[in-house]
Amino acid sequence: MKKLLTILFCALTLSLNAQIGKDPAGVQVVKTKHSITIAGKVINYTATTGYMHMKADTGKVLAKIFFTYYSKDDEDGAKRPVTFTFNGGPGSASLWLHMGGVGPKRVVLKDDGTATAAPYSYIPNEFSWLDKTDLVFIDPVSTGYSRAVGEPASKYHGYVEDINSVGDFVRNFLSRYDRWASPKFLAGESYGTTRAAGLSKFLQDEHRIYINGVILISAVLNFGTNDYNIGNDLPRALYIPSYTAAAWYHKKLAPALQARPIADVLKESEQWAIGPYATALIKGGWMSDAEKSAIAEKMAYYTGLSKELCLQANLRLDENRFYKALRRADGLSIGRLDARFTGRNLDDAGEYVDFDPSFTNIDGPFTATINDYLSKELKFTEEKGYNVFGEVYPWSYKNVQNKYLNVAESLRDAMAKNPNLKVYLGCGYYDFATPYFTAVYDIEHMFLRPEQRSRVDIKYYESGHMYYIHKPSLIQFKKDIDSFFDSSK
């Protein structure tokens, strides 16, 4: 009996070791085998799901960072790229990119991005990047299953702290999975682009890790171009083209604009926004009544709102008012993440919306499917909840007190030091979380030399913040990313 128990114990140990990674040190993972067909070719790959233990020099575990690593089988890791991928917030887990457009599975949505009725499901993602690169989806501390262990979680909740911890994860990953010789890419969405731009400099300066490419999906690089504050008029001008895009989509523009292609209309809106409108904002109280009237008339022309409202708002229309005002007559509000979506509020009279219909559209499907997928297919189970949005506030910007965080300068610095670093910037026309024209403005104010600017590829999509939920945009996104990886070899 004793011998039988010993045999059973050894068999159980071998079985567990096949799943829970004991080697390399500091990693606790489950490994599973899978295959997917992309562009007609079958790709066999291994999914490694679990924790990287982040340790102090003494060996004490300070944090456990949850990640999912997809690696193509029978491929030379020294030649195959590896891409570190994360979402934004700050405080968001990586499920959006993981289950939306990049990973080997994607949430089932209608072609326009509208959610199906619950219960939700996922399917193989024929638009995954796995044919071009191995993928590492990272959940920063306090998101997903990642947790601080040996110190307060607040020590990870800030721009500098986040860059340090994610940068250390990248360095440790390269060592523990023998990927130092691989081409390396960073891919971030929303605040994840802030992280990616900051990491491009941090990894070079701190760890001597030079990145081949940075992929910016719905970017926020300079908070001074995004944050509405009294006295900061720059975002007022840069948001105008987004107002135009939303009004065009909802057919609220004048017939002369409505009849033209959106890209053509937006070029005109952009020129007015950074020309006559920006000048008017600078002039402020020095404008005559006649000048104010003329600007308000044009503002109404490019936003679909009334001239009266533009004047009442001192020619400075808050985005939150716009969500309510554009379709007030129809009893609808529009989305922030994606202005294509509409919602019904308690009443139609208020200034601000009750909720973001574009977020509620994706919240349920993505939350349900990531939990189902991790346990069902990747065989990773955890008693604690998967934090879609972790509690990371207050988020520290102590490195930029009394000024706006601007990581466009970090990216410029990285590009100057690494003449082979390439950048992809993707923008959704209907995105108000990170408006497309603010990101383009930030790039054009990095003052890149011609040879540097040629390494930045900007793409536009007729969708919102998560432009990959819109199937036509997802198809184009895949083509654009394939070209980016091919050109970065």
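**Ground rules.** I number residues from 1 along each chain as its sequence is written, and side-chain values use heavy atoms, without hydrogens or water. Since the model is predicted, I keep in mind that local features need pLDDT of at least 70 and side-chain atom pairs count only at pLDDT 80 or more, while totals for chains, interfaces and linings use all residues.

**Entry 1: α7 and α8.** I looked up how helix α7 (residues 262-283) meets helix α8 (residues 289-303), and found an angle of about 150° with the axes 11 Å apart. Helices here are DSSP runs of H or I with at least four residues, strands are runs of E with at least two, and both are numbered from the N terminus. Axes are lines fitted to C-alpha atoms, for helices over the stretch in contact, and angles run from 0 to 180 degrees between N-to-C directions. The two helices are therefore roughly antiparallel, a term for angles over 145 degrees.

I then listed who touches whom, with contact meaning heavy atoms within 4.5 Å. From α7 I noted Trp 272, Pro 276 and Tyr 277 among them, and from α8 Ile 295, Met 299 and Tyr 302 among them. The contact residues divide into 8 nonpolar, 1 polar and 4 charged. For these classes, Ala, Val, Leu, Ile, Met, Phe, Trp, Tyr, Cys and Pro are nonpolar, Asp, Glu, Lys and Arg are charged, and the others, including Gly, are polar.

**Entry 2: pockets.** My search used a 1 Å grid over the protein atoms alone: a cavity is a set of points where a 1.4 Å probe fits but cannot get out, a pocket is an open set with protein on both sides within 12 Å along at least five of seven lines, and lining residues have an atom within 4 Å of a point. Volume is the space filled by probe spheres set on the points, which are joined across faces, edges and corners.

The largest pocket comes to about 710 Å³. Of its 35 lining residues, Gly 89, Pro 90, Ser 190, Arg 336 and Ala 433 are the closest to its centre. I counted its lining as 19 nonpolar, 11 polar and 5 charged.

The second largest pocket has about 330 Å³. Helix α3 gives the largest share of its lining, 7 residues. Its lining has 4 nonpolar, 3 polar and 8 charged residues.

**Entry 3: cavities.** I found 3 cavities of 30 Å³ or more. The largest cavity is about 60 Å³. Among its 14 lining residues, Pro 140, Val 141, Asp 162, Arg 195 and Trp 395 lie nearest its centre.

Note on methods. Parallel < 35°, antiparallel > 145°, perpendicular 65-115°, else oblique.
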